[in-house]
Amino acid sequence: MRRRRHRVTSDVSGYDRPAMLSRRWFLQAVSGGLLVAPPSAGWAQKVKRIGFLRVGPPPQQFIAGFRQGLREHGLTEGQNVVIEWGLAESVARLPDALAGLMRLNVDVLVASGTSSVLLTRNAARAIPVVFVAAVDPVAMGLVKTLARPGGTITGITAEAEELNGKRLELLQQLIPNLSSVAFLVRVGSPATPEHTKEAERAARTLGVRLQVVAARDHSDFEKAISAARGAGALLVVDDSVFTTQRAKIAELALKNRLPTMYGHRDMVQAGGLMAFGPDYGDLYRRAAEYVQKILQGAKPSDLPVEQPTKFEFVINLKTAKSLGLTIPPSLLARADHVIE
């Protein structure tokens with residue numbers, strides 16, 4: 001049975017406010033772009049520290065799912081655990097963020113996004129790592145196999161077979177005569193070659209020409225997306241740097257009249273047109289279970305890497321109207337969330 005569709009209003013003001021702030025602690029900027037939340041001196045020594053490493057603040061969906069998972073497994077912030085936020089303003093500052101977390105002697109690291117998890121490979125020799133990332137952990141050398149990670153890193157991959165193919169199919173249903181799609185990737189990401197290979201394979205199968213456009217960071221977005229203007233649509237790769245700059249990407253896609261497909265809901269909440277991908281809230285909820293098991297003594301090598309089990313399709317009708325597009329009833333019927 002198809003999941004019930006939820007309608008969401010277009011008023012998303014405050015969606016990216018730092019919902020991770022609690023009454024017991026606050027995010028503090030240090031080292032010119034590193035954000036780390038210091039522990040309260042009054043907490044007992046038995047409190048376990050969870051380090052959360054990421055480029056930019058996590059979307060609300062991510063952290064809400066993670067906190068839900070912690071609660072489900074008996075972990076309560078301020079009582080038996082504290083989350084130490086290592087949030088870097090850029091990929092280049094991630095090493096500083098990681099160093100800050102390690103100075104706090106965290107008991108387990110949560111690596112959010114491909115850049116973060118790849119950086120933790122060396123740190124994992126001393127601290128167990130749980131990742132959530134759109135990356136093939138075997139191809140990237142993070143684990144030996146999904147079933148037997150064989151080291152101190154485990155977690156959940158957001159990569160799913162034929163995912164880019166499904167996204168291209170949905171774009172074709174929106175635009176029946178679609179012949180070319182631009183594919184926005186990030187320069188410098190080790191995952192970019194694999195993502196590109198998968199997208200090109202899917203495009204050939206569907207008879208669509210794929211135009212790869214690349215950006216290193218937010219300073220390149222305008223040039224890269226302008227270069228995609230001749231394509232019939234834009235597909236944006238899952239990447240934490242792009243997620244952090246989701247409002248800017250959505251703005252530029254609309255400016256260049258590009259119907260755009262993304263990998264998760266937050267991109268559409270920020271003004272994007274459509275998204276199909278894993279339910280990231282569920283992925284982070286499940287990541288909390290790994291954290292709980294590790295804090296209780298489990299070894300990451302004994303915890304198999306898991307893959308997504310829940311997916312969601314999201315449409316922004318307001319953006320569609322701005323682009324002069326009419327969403328076919330067949331697509332609306334398949335949507336899990338519709339923003340009006």
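**Notes on the model**

1. Let me start with a helix pair. Helix 1 (residues 60–72) and helix 10 (residues 280–295) approach each other with their axes within 7 Å, crossing at roughly 40°. The crossing of these two helices is right-handed. On the helix 1 side, the contact is formed by Gln61, Phe62, Gly65, Phe66, Gln68, Gly69, Leu70 and Glu72, and helix 10 contributes Tyr280, Gly281, Tyr284, Arg285, Ala287, Ala288 and Val291. Sorted by class, the contact of helix 1 with helix 10 has eight nonpolar, five polar and two charged residues. Please keep in mind that this is a predicted model.

2. Next, the geometry of helix 1. After helix 1 comes Gly74, which has a positive phi, near 75°.

3. Which residues of helix 1 are buried? They are Gln61, Phe62, Ile63, Gly65, Phe66, Arg67, Gly69 and Leu70. You will notice that Arg67 is on this list of buried residues. The cover over the buried residues of helix 1 includes strand 4 (48–55), strand 5 (81–88), strand 6 (108–112) and strand 14 (311–316), together with helix 9 (265–269) and helix 10.

4. Now for a single residue that is worth a click. Met261 sits in strand 12 (residues 260–262). Is Met261 buried or exposed? Its relative accessible area is 0%, under the 20% cut-off, so Met261 counts as buried. Leaving aside residues up to four places away in sequence, Met261 touches Arg167, Leu170, Leu171, Leu234, Leu235, Val236, Met274, Ala275, Phe276 and Phe313. For a distance to check on screen, the C-alpha atoms of Met261 and Phe183 are 9.7 Å apart, while the two residues are 78 residues apart along the chain.

5. Finally, the chain as a whole. The protein chain contains twelve helices and 15 strands. Of its 340 residues, 54% are buried. Among contacts in the protein chain with a separation of 6 or more, 72% are between residues 24 or more positions apart. The accessible surface of the protein chain is about 14,900 Å², and carbon and sulfur atoms account for 49% of that surface.

Conventions:
Residues numbered from 1 in each chain as written. Predicted model: local features only at pLDDT ≥ 70, side-chain atom pairs only at ≥ 80, totals over all residues. Heavy atoms only, no water. Helix = DSSP H or I, 4+ residues; strand = E, 2+ residues; numbered from the N terminus. Buried < 20%, exposed > 50% of the residue type's maximum accessible area, 1.4 Å probe, protein only. Contact = heavy atoms within 4.5 Å. Areas by Shrake-Rupley, 256 points an atom, 1.4 Å probe, with all protein chains shown as cover. Axes fitted to C-alpha atoms, helices over the stretch in contact; angles between N-to-C directions. Left-handed = near helix turned anticlockwise from the far one by under 90°. Nonpolar A, V, L, I, M, F, W, Y, C, P; charged D, E, K, R; others polar.
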